[in-house]
Amino acid sequence: MKFDKDGRLNTVAWAPSPNLYAAPNPREIIVMHYTAGYSAASAINTFKSKASKASAHFVVEVDGTITQMVSTHQQAWHAGGAVYEGRPAVNSFSIGIEIVNPGYHYSDGKGGYLNWQRKPVSAALLKPFPGMTEAHDPWAGSAKLFWPNYPEVQLAAVEALTRALLKAYPSIRDVVGHRDVDTVRRLKVDPGPAFPLRRYRLLTDVRSDETPAPVTMRVKADDGVLNVRGGPGTSFGLTGWGPLRNGDEVQVLERTESWYRIQRWFQGSPRQGWVFARYLEPVG
């Protein structure tokens, strides 16, 4: 992934939005958002409409497909009213990444969910998201909330994009969530507690779009079986390709506290997920 002289990423689709400021963008921070919808097409169509008065530099689909809508040289309209470290006009010095995720849901009391508008949501719409993270947020009210987890393939695409931005623009010094900079209005809660923001903030210390070589480890679980989850914690749902068995070898991509993000290959295709680090041991 590389950016050309016009601020466009060379490996992704280009769908320009009319909603932008042509003024130069010094690119000091990256702001992560969720789309509050279930597909990239919906977000892209919204950002292509002048009436929406909104845009973002990038939209990342649940399958990892990235679409660019505003040049990184220009200012997108993704964080209006935001303040970063006392500085207003966050749009004027930031890059906005919209990640397809519908945001918080409510239980319908019957095993299903209602969206943020308290309207029923079909199981088909939620199928791409690997389970739910249960967490309260006072900005969204006092009710128990359920936040759809982000698929690992989507998170990996966001990581690759973030690495490319950090490598191309040394001026970027921080990665934040929309919630972190909407501290005056307190209306935005994205990208939500299911999003592993720390994973991306740590990348500011690694100015490269190259992923470090993975380490191979072997499963050694007490009962012989190791569950694979969609995120670093038991609140994340199980992946469809697990569990692992004792003796299975995996590639470890990163560690977050007591959890490893791992990868295993099936017929030439990689599958990624998270496992409890205690049950992996070095090979050899």
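Colleague: In which sense do β8 and strand β9 pair, and over how many bridges?

Modeller: β8 and strand β9 (residues 113-114) pair in the antiparallel sense over 2 bridges. Two strands count as paired if DSSP finds at least two bridges between them, and strands are DSSP runs of E with at least two residues, numbered from the N terminus. Ser107 stands opposite Tyr113 in β9. The model is predicted: local features need pLDDT of at least 70 and side-chain atom pairs pLDDT 80 or more, while totals for chains, interfaces and linings use all residues. Residues are numbered from 1 along each chain as its sequence is written, and side-chain values use heavy atoms, without hydrogens and water.

Colleague: What makes β8 and β10 edge strands?

Modeller: The open sheet has 3 strands in the order β8-β9-β10, with antiparallel pairing. β8 (106-107) and β10 (120-121) each pair on one side only, and are therefore its edge strands.

Colleague: Why is strand β7 called mostly covered?

Modeller: Buried means under 20% relative accessible area, exposed over 50%, and partly exposed in between, with a 1.4 Å probe and protein chains only. In β7 (residues 94-99), 6 of 6 residues are buried, so the strand is described as mostly covered. Ser94, Gly96 and Glu98 point one way, Ile95, Ile97 and Ile99 the other way, and all are buried.

Colleague: Which strands are joined to β7, and are they parallel or antiparallel to it?

Modeller: Strand β3 (residues 29-34) is joined to β7 by 6 bridges, and the two run parallel. Ile29 stands opposite Ser94 in β7. Strand β4 (residues 58-60) also runs parallel to β7, through 3 bridges, and Val59 stands opposite Glu98. Strands of a sheet pair through backbone hydrogen bonds, either parallel or antiparallel.

Colleague: How many helices and strands does the protein chain have, and why is it called as compact as a globular protein of its length?

Modeller: The protein chain has 5 helices and 20 strands; helices are DSSP runs of H or I with at least four residues. The radius of gyration, taken over C-alpha atoms, is compared with the globule rule, 2.2 Å times the number of residues to the power 0.38. For 284 residues the rule gives 19 Å, and the chain has a radius of gyration of 19 Å, so it is as compact as a globular protein of that length.

Colleague: What share of the contacts with a separation of 6 or more joins residues 24 or more positions apart?

Modeller: Such residues account for 66% of these contacts in the protein chain, a contact being heavy atoms within 4.5 Å.
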